[in-house]
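Biologist: I'm new to this one, could you walk me through a few parts of it?
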Amino acid sequence: MEIDDIKETIGFRLRLQIRLETLGTNEVCLTTRLAGREVTIRSRQDGQPISKAKWIVLGARGFATEPEARAFGERLRANVQLAALCSQLGADTGLDKVLSWINEDWWRSMGRLAPHQRSAPDVHGLSILPDDDNTLIPYSEPQVTKTSNPDLFLDALHELAEQPSITEPKVTIAVQLLNLARINPQPLARIVLAFSAVETVAQVENRRQRISVRQRVKRVLCRNSLSHLHEEWGRLYDLRSHLFHGSKQLAEQEVNSLANDALNLCSRIILAIIKRNGVKLPPLPTKISGVSDV
């Protein structure tokens, strides 16, 4: 029987592999229901506690067609990004790029694949696979540095599963940038990514008018009833300009504070814009701060 015939017989499953600020649970697998589907959350390393993993795999099974699985997976990816931002984690859901791959014939010749098994590339992002347990994926495991409570993330995913999707591309990009900022360990990178998120949304302003970034952002804040944040934006943006243009030296602690303050402020702005566009967001925390078988 050909592989395509097997897929038609057994259906499809999705595998969404992400980098996530590690969830503080010793469970090997978390299971939840989202939009009527059972979704599992586990380390990509079989049997590893989720608290020890930096790469997290979300999975869902039982799809009749590949487009159905992909559509659910893309919606899940978007909700993971927004849930991570709301629960103040950082998630990098990837661009479906292959991280590693092993030639299946060679792997089989080395005795690593049984006759009924197949291999698939290790993808950072979404992949659609036959809905059985016969796919093996090669990977290398990075080190883990910190953990976060999984409850906020799971609660946010549940609430967002019932909400409309974000339809504005620039807002989607802004959410991605903020997640990359949260997960990046370098304060300078967090500063750049955080400000870029708001600047991206501000680009919807008429470019034919020669107006500064500050003015474009001010218009965005006013339009979304966020004028009270303009003074703080200006203060932080001035520090950002001094830092990157070399007009003022900032101590290491000042750079770290700027990174945290910029990320918190820019997250508030983007989340407020999303909320005003009809998405009911979950409540925010009080203080913003080898081989896998599939």
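This is a predicted model: local features need pLDDT of at least 70, side-chain atom pairs count only at pLDDT 80 or more; totals for chains, interfaces and linings use all residues.

Biologist: Let's start with strand β1, then; is it mostly covered or uncovered?

Modeller: Strand β1, which spans residues 12–20, is mostly covered, with eight of its nine residues buried.

Biologist: Which way do β1 and β5 run, and how many bridges join them?

Modeller: They run antiparallel, and seven bridges join β1 to β5, the strand of residues 55–63. As an example of that pairing, I18 stands opposite I56 in β5.

Biologist: And what about β9, how many bridges are there with β1?

Modeller: There are six bridges between β1 and β9 (residues 122–130), and the pairing is again in the antiparallel sense; within it, F12 has P130 of β9 as its bridge partner. β1 also pairs with β6 (residues 91–92), in the antiparallel sense and over two bridges, and there L20 has A91 as its bridge partner.

Biologist: Switching to helices, how far does α6 reach from its first C-alpha to its last?

Modeller: Helix α6, made of the 16 residues 187–202, reaches 23 Å from its first C-alpha to its last, which is close to the 22 Å expected at 1.5 Å a residue.

Biologist: Why do you call α6 largely enclosed?

Modeller: Because twelve of its 16 residues are buried, α6 is largely enclosed by the rest of the structure. The buried residues include P187, R190, F195 and E199.

Biologist: What do those buried residues of α6 pack against?

Modeller: They pack against four helices, namely α5 (169–183), α7 (213–223), α8 (230–245) and α9 (252–276).

Biologist: New topic: how many disulfides does the count come to?

Modeller: The count comes to zero disulfides. As for individual cysteines, C29 is partly exposed, with a relative accessible area of 24%, whereas C86 counts as buried because its relative accessibility is 1%, and the cut-off for buried is under 20%.

Biologist: Last one, where does S165 lie?

Modeller: S165 lies in the loop between α4 (150–160) and α5, and it is partly exposed, with a relative accessible area of 39%.

Biologist: What does its side chain make a polar contact with?

Modeller: The side chain of S165 makes a polar contact with the side chain of R75, at 3.2 Å. Separately, the C-alpha atoms of S165 and I274 are separated by 10.0 Å, while these two residues are 109 residues apart along the chain.

Note on methods
Residues are numbered from 1 along each chain as its sequence is written. Side-chain values use heavy atoms; hydrogens and water are left out. Buried means under 20% relative accessible area, exposed over 50%, partly exposed in between (1.4 Å probe, protein chains only). Two strands pair if DSSP finds at least two bridges between them. The expected span of a helix is 1.5 Å times one less than its number of residues. Contact means heavy atoms within 4.5 Å. A disulfide is a pair of cysteine sulfur atoms within 2.5 Å. A polar contact is a pair of N or O atoms within 3.5 Å; within protein, one must be able to donate a hydrogen and the other to accept it, and residues adjacent in sequence count only if both atoms are side-chain atoms.
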